[in-house]
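Hi,

Here is the structure I said I'd pass on.

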Amino acid sequence: MHLAYPAVLSALLFCTGLYGVLARRNAILVLMSVELMLNAVNLNLVAFDVWLSKAARDTLHSGQALTLFTITIAAAEIGIGLAIVLAVHRNRGTADIDRLRDTAEGHGPDGDDDGDAAAAAKKAEASA
Amino acid sequence: MTTTTLAVLVPLLPFLGALAGLLLGRTAPGFVRPLAVVPVLAAFVLAVLVAVRQGGGSPIEAHTQLTPTGSVPIDLALDIDGFAALVAVLVTVVASCVQIYSTGYLRDDPRYPSYAALVSLFTSAMLLVVYSGDLMVLLVGWEVMGICSYFLVGHYWETPEARAASIKAFLVTKLGDVPFLIGLFALATDAGSFRITRILDTVAHGGLHHPTVVALLLLAGVAGKSAQFPLHTWLPDAMAGPTPVSALIHAATMVAAGVYFVARLLPVFEASQAAMVVLAVMAGVTMVGSGLSALAQDDIKRVLAYSTIGQLGYMTGALAVGDRGAAVFHLLTHGAFKALLFLAAGVIIHAAGTNSLAAMARMSDLRHRIPDAYWTMTVALLSLAAIPPFSGFFSKESVLGAAEHAVHGDTAHVPDAAGWIVLVTGLLTALLTAAYATRLWLLAFHGRGAEAPDHGRQPRTMTLVLWVLAVPSLALGGFAYRTLPDWFDGQDLTPALTTSVIGTGVSLVGVVLAYGAWRHLAARAAGTPLGAVAAHPEGDAALVEAEAIASHAAAYGDLASAPDPADPGRLLLGPLHRHAAVGFHLDAVYAALFVRPVQAGASLVRFLDREVVETYVRGAAALPRLLGTAVRRSQTGNLQTYVSALLAGTVVLAVAVVLVATGA
Amino acid sequence: MTPTATAVSVAHATASRGFLSPSGVEVAFVLVGLVTFGAALVSVTTRQLVHAALWLVVALGGLAIEYLLLTAEFIAWVQVLIYVGSVVVLLLFGLMLTKAPIGRSPDADSGNRWAALAVAVAAAAALVWVVVDAFRTTWIDFGGAAAGSTKATGASLFQNWVLPFEALSVLLLAALVGAIVLSRKAKAETNAPPVSRSVNSRTVPGGSPSVPDSRNHPIEGTGREAAQQEGAR
């Protein structure tokens with residue numbers, strides 16, 4: 001099989017994930033896109049492992065081992081990432097990345113929205 | 001000690017006293033009073049010694065040059081002739097009296113140390129002016145007096161009147177000082193020296209290129225300092241200062257400096273006929289105007305202030321007819337009785353609790369409460385009104401006599417017109433002077449109504465100096481007119497028969513008129529209650545005075561006059577009263593002529609600065625601000641934006657690296 | 001949909017280049033790859049958040065098939081178990097817990113969508129260009145024993161990669177503890193102010209359900225996650 005097929009598919013999936021990371025507004029969708037990118041890398045690893053094990057008589061299977069590690073780490077990452085997103089959501093009342101702009105220059109309309117959301121969240125907690 | 005050393009010590013001692021007083025005022029309050037009085041008294045003794053040694057003979061001269069000063073040398077020069085010696089004695093006498101009086105007058109004043117030091121400094125500056133033989137050194141003393149008067153007039157700076165008055169005094173005198181300085185430079189350039197003797201030599205040899213211009217420039221400074229028309233307006237307002245300061249300024253120091261300066265440099269002025277006529281017109285307008293204004297004032301100190309302006313008019317009049325002996329003679333006697341008048345007025349204000357004549361006219365028995373002030377003030381007022389045989393009579397007659405000489409054309413360098421102006425206005429002023437002196441005396445001491453409040457005896461220091469000053473007010477003129485010519489130019493100062501008779505007659509007419517008017521209106525005084533007294537009669541005199549000044553405008557609607565129908569001045573002046581009370585609207589004229597244009601100019605400049613200049617500045621800032629805004633835009637706080645930019649850069653770099661690596 | 005068009009055309013180009021020796025595996029790989037890529041694209045562009053997660057399932061499943069086609073069977077099943085089975089479920093839980101709107105949400109994409117698109121397309125073009133340029137004459141030989149069989153993978157893993165494998169288990173443990181600590185810490189922070197504490201101690205029947213919800217679910221999630229991680233091992 002032509003090695004370019006998996007490599008190109010991997011590149012395209014990676015860039016799709018990249019677009020998702022950059023363009024999505026919801027933090028959980030961003031995490032999904034990160035998963036896509038990780039999977040693109042996995043595909044690369046597997047394809048090159050297969051190619052190397054035949055072409056270079058490589059018996060270490062480092063690509064497959066690394067893929068397994070990546071999958072495990074991705075699982076851990078998604079767990080921690082979701083915990084962080086939930087914590088942010090609980091504190092700020094939103095998982096919207098556009099509204100988490102505490103480091104913005106000055107306090108534009110976005111900052112105000114942020115402040116309002118935080119105040120609303122505090123209020124909700126107090127009334128609970 | 002040589003006479004020169006003594007003479008140097010005379011201005012130096014009060015200066016050192018002032019310095020020590022300023023330094024020790026806070027740390028050692030016990031030394032403040034001795035430090036205020038002793039140096040001035042010592043200076044008085046030394047001044048008398050210098051005067052005795054000089055003895056009217058040839059001038060004492062000494063000079064030393066500290067450092068080369070370019071084309072026109074400036075010397076530390078001493079030049080003591082008869083005028084200087086006697087004026088210095090007068091200055092030290094009055095200053096000593098004022099310092100002693102002040103220890104009682106500002107008994108409880110927390111700012112007494114700085115006050116006393118400033119009075120000493122003031123005295124020292126005047127003595128410097130008197131003794132200096134170099135115009136630059138004289139100018140130093142001249143300007144130090146200006147700044148001291150600013151501080152002293154503003155002593156009650158809590159009141160807005162005092163603040164305004166001190167600024168006005170400073171600005172108006174400075175307004176005159178600018179042309180004065182230019183005149184000095186012109187004079188020194190022609191003479192090649194600032195030394196008075198060299199300048200007088202140059203004038204005697206006709207070396208002055210533009211005598212009229214120089215004389216007129218100098219006259220501006222003299223008019224400012226000596227409160228002559230049209231720069232006299234600061235003096236009545238300066239009454240917002242403490243009474244001893246008024247006495248010092250009016251009797252011996254500040255206002256005397258101008259007259260003394262003209263007397264020293266009279267040949268310069270005589271070189272220009274126009275300057276003499278201007279001087280005469282200035283004197284005439286000043287005398288008559290101030291006499292009319294004095295008749296309309298309600299504040300006792302403002303009456304005296306206008307009378308000072310009028311008496312200074314006599315002196316400039318004497319100078320205008322070329323008789324500096326008469327001018328300085330009047331300066332001496334006037335110094336004595338005017339100091340007495342002011343110090344006595346201070347006692348009256350303290351006792352009555354008000355500075356308003358209208359209020360005093362409704363108090364009976366004031367003269368029994370303060371007998372010292374009553375008797376000494378009577379002497380001083382008689383002297384002011386030029387009633388023989390008091391001092392004022394002799395000096396004023398010498399002025400009128402000099403004017404008569406000028407009318408007859410007996411005096412060289414003096415145009416007849418100047419003589420006529422001085423003679424006619426002088427006689428008219430004699431009438432007015434007698435009238436307002438009588439009015440002051442009647443209203444202050446012969447009021448009818450409730451009994452004056454009893455505040456106990458006045459401090460001994462305050463009453464003692466009154467009697468000290470009463471002696472020269474009473475007798476100086478009579479004893480001195482024969483001996484003074486030896487000290488001065490040698491011109492006869494004996495009263496001439498015609499002017500004496502006419503002058504005395506006119507004065508008596510004034511007295512009678514004022515008395516008649518007062519009698520005529522006596523009934524009305526009881527009908528219109530009026531008056532307000534100080535809230536703290538038990539305080540020291542300075543406190544009472546400050547309260548009286550601050551409350552005058554509030555109680556009577558005006559700083560200068562009171563709506564008192566029983567005022568004889570109101571009857572005598574008729575429709576003129578309204579204008580005379582405000583100094584013939586000169587302040588309003590100045591406001592319209594100078595203040596408003598300057599303010600309009602200032603607002604124009606402000607407008608230009610705000611709207612025009614600022615626009616350029618803003619415009620220059622616009623581009624950086626725009627760039628800054630654009631750059632700030634990038635700091636969105638949104639992580640995705642940052643990562644986008646980061647990855648875009650990475651892609652570009654990676655492509656570039658690949659291209660370079662493949663050699664494309 | 002220009003990116004899709006270009007990407008598809010690029011994929012066709014690569015397919016036509018390898019058309020010299022078309023095999024059944026290649027055809028299947030390209031077809032499944034197209035489906036995977038399409039599902040991924042829909043997943044990152046759809047406006048319905050839950051649908052995005054479901055399209056992600058399709059994409060991940062497609063990848064599992066690709067692994068199978070590449071003879072890496074063990075990886076393929078791990079992919080199915082962990083990604084399709086657990087990660088997507090976790091993501092769905094996350095969407096629910098953050099109250100993501102169900103149905104079309106107009107603001108799913110942020111304002112810098114076009115910048116992101118430009119960056120992604122530029123990166124894709126650069127990567128595809130480089131990859132195609134580098135590997136256009138390289139073929140994978142599927143002859144002989146399967147390279148990714150479970151036996152081969154297991155032998156390699158436990159002969160050569162034991163130490164990293166154990167280190168990874170420590171990492172997983174750390175992640176487990178970290179997830180718990182993060183959720184607990186967030187709760188402690190909300191409890192820190194005295195007002196909140198008193199609110200929590202109070203038993204108001206009509207109180208907002210958001211507090212108990214947000215307190216319970218993350219723990220539950222991490223519990224499941226831990227279980228799934230165990231399964232992954």
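Of the 233 residues in chain C, 33% come out as buried, where buried takes 20 or more other C-beta atoms within 10 Å of a residue's own, with C-beta atoms placed from the backbone. Before going on: this is a predicted model, where local features need pLDDT of at least 70 and side-chain atom pairs count only at pLDDT 80 or more, while totals for chains, interfaces and linings use all residues. Residues are numbered from 1 along each chain as its sequence is written, and chains are lettered from A and ligands numbered from 1 in the order in which they are written.

Chain C has nine helices and zero strands (DSSP runs, H or I of at least four residues for helices and E of at least two for strands, numbered from the N terminus). Among its contacts between residues at least 6 apart in sequence, 69% link residues at least 24 apart; a contact means C-beta atoms, placed from the backbone, within 7 Å.

An unreviewed UniProt entry annotates "transmembrane region" on several stretches of chain C, including 27-45 and 76-102; such annotations may be inferred rather than shown by experiment. Residues 27-45 of chain C are 100% helix, with end C-alpha atoms 27 Å apart. For residues 76-102 of chain C, the helix share is 81% and the ends are 31 Å apart, C-alpha to C-alpha.

Then there's the neighbour: 70 residues of chain A are in contact with 98 residues of chain C. On the chain A side, helix 3 gives the most, with 22 residues.

Cheers

Note on methods: Two residues are in contact if their C-beta atoms, placed from the backbone, lie within 7 Å. A residue is buried if 20 or more other C-beta atoms lie within 10 Å of its own, exposed if 12 or fewer, and partly exposed in between; C-beta atoms are placed from the backbone.
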